[in-house]
Amino acid sequence: MLPIVLTVIAAYADSRGAHGLAFDALLGAIPFAAVCALVGFGAYLEDRTDAVEGVQALLWSVALGLLVLSCAARSPAARTESLPALGRSALVGCLAVLVVKGVVALVPLVRRAAFIRPAKP
C-alpha cells in the first residue's frame, strides 16, 4: 500500500504546484515498489499456476519503471524550473498501472462471488 499512497501523494502535490514534495514522495516510493515487485515475482515463482500473481508482478515492475522515469525527469540535475512533460506523463502512466493492478486484484474476488449461491430454505 505504501508505494500506492506515496504515488497518489505525488500526484496531488503536482496538481497543487508542490513539485519538490512530489519528487520526494516519488523518490520514497521507489524502494517500496521494488520490494513489492520482488515479492510479487517470488509469489509467482512459488505458484506458477496462478496467472494473477504473474500479472501482478509484471504490473509492479512496470510501475517501478515509470516511477524511476518520473523521478529522473524531475531530478535536480535536469535543472528545469517547471514540471517536465515526461515526469507528468510517467506519473499518470504509473497511476494508470496501479488502477489496472486494482482491477486485476478484484478478478479472483469476483470469480468467487459468482459461485456463491444462497442456501436453500
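Predicted model: local features only at pLDDT ≥ 70, side-chain atom pairs only at ≥ 80, totals over all residues.

Me: OK, how many helices and strands does the protein chain have?
Reply: There are 4 helices and 0 strands, counted as DSSP runs (H or I, at least four residues, for helices; E, at least two, for strands) and numbered from the N terminus. Along the sequence the pattern reads α-α-α-α.

Me: And what does the C-alpha trace span along its principal axes?
Reply: About 70 × 35 × 20 Å. The radius of gyration is 18 Å, whereas a compact globule of 121 residues would be near 14 Å. That radius is taken over C-alpha atoms, and the globule rule is 2.2 Å times the number of residues to the power 0.38.

Me: What share of the residues is buried?
Reply: Buried residues are 32% of the 121 in the protein chain. Buried means under 20% relative accessible area, exposed over 50%, and partly exposed in between (1.4 Å probe, protein chains only).

Me: Which residues touch the most other members of the largest nonpolar core?
Reply: Leu26 and Leu67, in a core of 23 residues. Helices H1 (2-15), H2 (19-46), H3 (51-74) and H4 (85-115) each supply at least two residues of this core, and H2 gives the largest share, with 8 residues. A nonpolar core here is a set of buried Ala, Val, Leu, Ile, Met, Phe, Trp, Tyr and Cys residues joined through side-chain atoms within 4.5 Å.

Me: What is leucine 26 in contact with, leaving aside neighbours within four places in sequence?
Reply: Ala10, Leu67, Ser70, Cys71, Arg74 and Leu91. Contact means heavy atoms within 4.5 Å.

Me: Switching to H4. Is lysine 101 buried or exposed?
Reply: Lysine 101 lies in helix H4, and lysine 101 counts as buried because its relative accessibility is 8%. Beyond neighbours within four places in sequence, lysine 101 is in contact with Gln56, Leu59 and Trp60.

Me: What about valine 97, buried or exposed?
Reply: Valine 97, also found in helix H4, is buried, at a relative accessible area of 11%. Leaving aside neighbours within four places, valine 97 is in contact with Leu59, Val62, Ala63 and Leu66. C-alpha to C-alpha, valine 97 and tryptophan 60 are 8.2 Å apart in space and 37 residues apart in sequence.

Me: And where does proline 108 lie?
Reply: In helix H4. Proline 108 counts as partly exposed because its relative accessible area is 27%. Proline 108 and valine 52 are 56 residues apart in sequence, with C-alpha atoms 8.2 Å apart.

Me: Last one: what share of the contacts joins residues at least 24 apart?
Reply: That's 67%, among contacts between residues at least 6 apart in sequence.

How values were computed:
Residues numbered from 1 in each chain as written. Heavy atoms only, no water.
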